[in-house]
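Please read it with the sequence and the model open.

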Amino acid sequence: MLFYCLSYANFKISNRKNLIKFILNNKEINTDKPSASLLLDFIRYHRHLMGTKIGCREGDCGACTVLIGDLKNGELQYRSFTSCLTPLGNIHGKHVVTIEGINMDDLNPIQQRMADASATQCGFCTPGFVMSLAGFCLSDKEATQQNAVAAIDGNICRCTGYKSIERAAGKVAELMQQKGDQEVLEFVTENQVFPGYFTGIKERLQKLSLQLNGELDKQDSSMQFAGGGTDLYVQKPEELKEASVHFLYNKDVLKGIRKTGNKCFIGPSATVTDLQESEIIQKYFPNFNKQVKLISSTPIRNMATIAGNFINASPIGDFTIFFLALDATLVLSDGSEMRELPLRQLYKGYKTLDKRAEEFIEQIWFELPGEQTLFNFEKVSKRTHLDIASVNTAIQLTVISGTITEANISAGGVGPIPKFLEQTSEFLRGRAVTEEVITEAIDRAQKEISPISDARGTAGYKRLLLGQLIKAHFITLFPEIAVEKLLLSHNIYDD
Ligand SMILES: Cc1cc2nc3c(=O)[nH]c(=O)nc-3n(C[C@H](O)[C@H](O)[C@H](O)COP(=O)(O)OP(=O)(O)OC[C@H]3O[C@@H](n4cnc5c(N)ncnc54)[C@H](O)[C@@H]3O)c2cc1C
Ligand code: FES
Ligand code: FES
């Protein structure tokens, strides 16, 4: 068994009396504000930078979007964040860019394209859109309109309709197409897309990181663990502001995705975006990026960690369902002792975990699928994008000479916990992939679940959805099977 050998002292992080240091636009900040208080409030009420707007305070509208620059393997990388869910502790040692930080003497070229395309009316949402597009300009994404539009998937506008904003995004993509092979920061500063001070930020962050060594290492035992904050700060923002928090998000030792033999090891603080950008994940899960588009939005994916998704214990947590089908194992630590726990054994009841308060996830690992192993994830929600699931499910099947030799199937939204469908998985093992087996598997799954009627659908609808999504798994993984009969056969379930 391979563990990162960690000294607990390395990441017992932060209590609220620590000094937080970061660069805000072009200015170095040292603040003794509580490290669990929110970046949005700091920006507006302590720095009086009013361009960053307050909308929902729940990560949904994007009005508060800022860019966070961080050094990753020595390279400066910017990502969009919703500042309403970002504690100061998570930006320690980083570069925070608000709309004021990309202002030029005249309109910034991104703002100019928004104005030219009539993409702004009341203007409330506009700084958020501009910051998301600024994040696109600084990313290494190909400069296409599609990618520029994808970058604003976390921004809502209530005035314009989106077509004019999409046109503006297309024009920003055209601007970035002129970059060619030039280094991005060089291009955007030379062409006055971003102010010149951006060229010095990497060196300033390097100097800052040297000063930070050993800081924020105080702790007390009553501390709350925090990852990206995208669940915590929606659930209890007021309570947290003054609380003592262990910030796990910033610790490089808790990040990273690596392969050793046939195992994949994931740091608990790896974000969804880290997974999307991982060559290992891209190689073994070629549909991952397509599937992930159904999950939250660009800024939330930039912040949300995998461990946070597991521990939140939502019965519809998308990554929980994903990793249940991969039969992932958690390495839990309380700082002195470690134990392994299969993810499927973590959930004991609604939001009740087989985990002590002082235990945190130190690592996640799973066996990478072999050549004969197939994987699929399906999700249905009321709205296609930026919505939580009504029902989600994942499946992993190993099929040798037409026989299923190994099967793991999971389902969310169909009971009080994210569910590993043990009996359905057991039933599938040793069977051939036929319409009859699939139909019987759906019937077995129905016996394992206990959905309730709520805002996301009636119990009967969720039963029906799970049945259809199990069919979708097989139709996706085995395109050669005759689907007509399968699609027509379904039962209506009582609510
Ligand atoms: C607008 C919006 C859209 C969303 N859409 C989706 C969606 O489509 N699908 C979905 O599944 N979720 C969604 N979420 C929920 C959320 O983004 C995810 O659950 C995310 O993975 C949580 O990770 P985090 O790092 O932000 O967790 P945090 O909020 O930081 O923490 C959540 C819990 O995990 C604990 N924790 C974090 N790391 C550790 C660790 N290493 N060890 C022990 N405990 C730990 C914390 O103490 C806390 O109890 C959405 C949230 C928002 C705000
Ligand atoms: S205020 Fe709506 S996403 Fe932050
Ligand atoms: S311009 Fe008014 S909300 Fe977008």
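This is a predicted model: local features need pLDDT of at least 70, side-chain atom pairs count only at pLDDT 80 or more; totals for chains, interfaces and linings use all residues.

1. **Domains.** The domain assignment gives two domains: domain 1 (20–212) and domain 2 (255–488). Their centres, taken over C-alpha atoms, are 33 Å apart. Domain 1 puts 15 residues into the contact, and domain 2 puts in 9 residues.

2. **The domain 1 side of the contact.** Which elements give two or more residues to this side? They are strand 4 (75–82) and helix 4 (145–151). Strand 4 has the largest share, with 4 residues. By type, the side of domain 1 that touches domain 2 holds 4 nonpolar, 8 polar and 3 charged residues.

3. **Around ligand 1.** There are 32 residues around ligand 1. Those that come nearest are Gly59, Gly227, Gly228, Gly308 and Asn309. The shell divides into 16 nonpolar, 12 polar and 4 charged residues. Domain 1 and domain 2 each supply at least three residues of the shell.

4. **Elements of the shell.** Several elements each give at least two residues to the shell around ligand 1. The strands are strand 6 (224–226) and strand 14 (360–367). The helices are helix 8 (232–235), helix 13 (298–303), helix 14 (306–312) and helix 15 (318–325). Helix 14 provides the largest share, 5 residues.

5. **The largest nonpolar core.** This core has 128 residues. Val96, Leu133, Ala134, Cys137, Ala169 and Val172 touch the most other members. Helix 3 contributes the largest share, 8 residues. Why does the core lie between the domains? Both domain 1 and domain 2 give residues to it, so the core lies between them. In soluble globular proteins, nonpolar side chains tend to be buried together.

6. **Cys137.** Leaving out residues up to four places away in sequence, Cys137 touches Val172, Met176, Val188 and Val193.

7. **Helix 2.** In helix 2 (residues 109–116), the buried residues are Ile110, Gln111, Arg113 and Met114. They lie on the same side of helix 2, because they cover an arc of only 160° around the axis. What do these buried residues pack against? Their partners are helix 3 (126–138) and helix 5 (163–177). Ser118 follows helix 2 and has a positive phi, near 50°.

Definitions and conventions: Residues are numbered from 1 along each chain as its sequence is written. Chains are lettered from A and ligands numbered from 1 in the order in which they are written. A residue is near a molecule or strand if its C-beta atom, placed from the backbone, lies within 6 Å of it. Ala, Val, Leu, Ile, Met, Phe, Trp, Tyr, Cys and Pro count as nonpolar, Asp, Glu, Lys and Arg as charged, and the others, Gly among them, as polar. Domain bounds come from an automatic or database domain assignment. Two residues are in contact if their C-beta atoms, placed from the backbone, lie within 7 Å. A residue is buried if 20 or more other C-beta atoms lie within 10 Å of its own, exposed if 12 or fewer, and partly exposed in between; C-beta atoms are placed from the backbone. The arc is that of the directions from the helix axis to the C-beta atoms. A nonpolar core is a set of buried Ala, Val, Leu, Ile, Met, Phe, Trp, Tyr and Cys residues joined through C-beta atoms within 7 Å.
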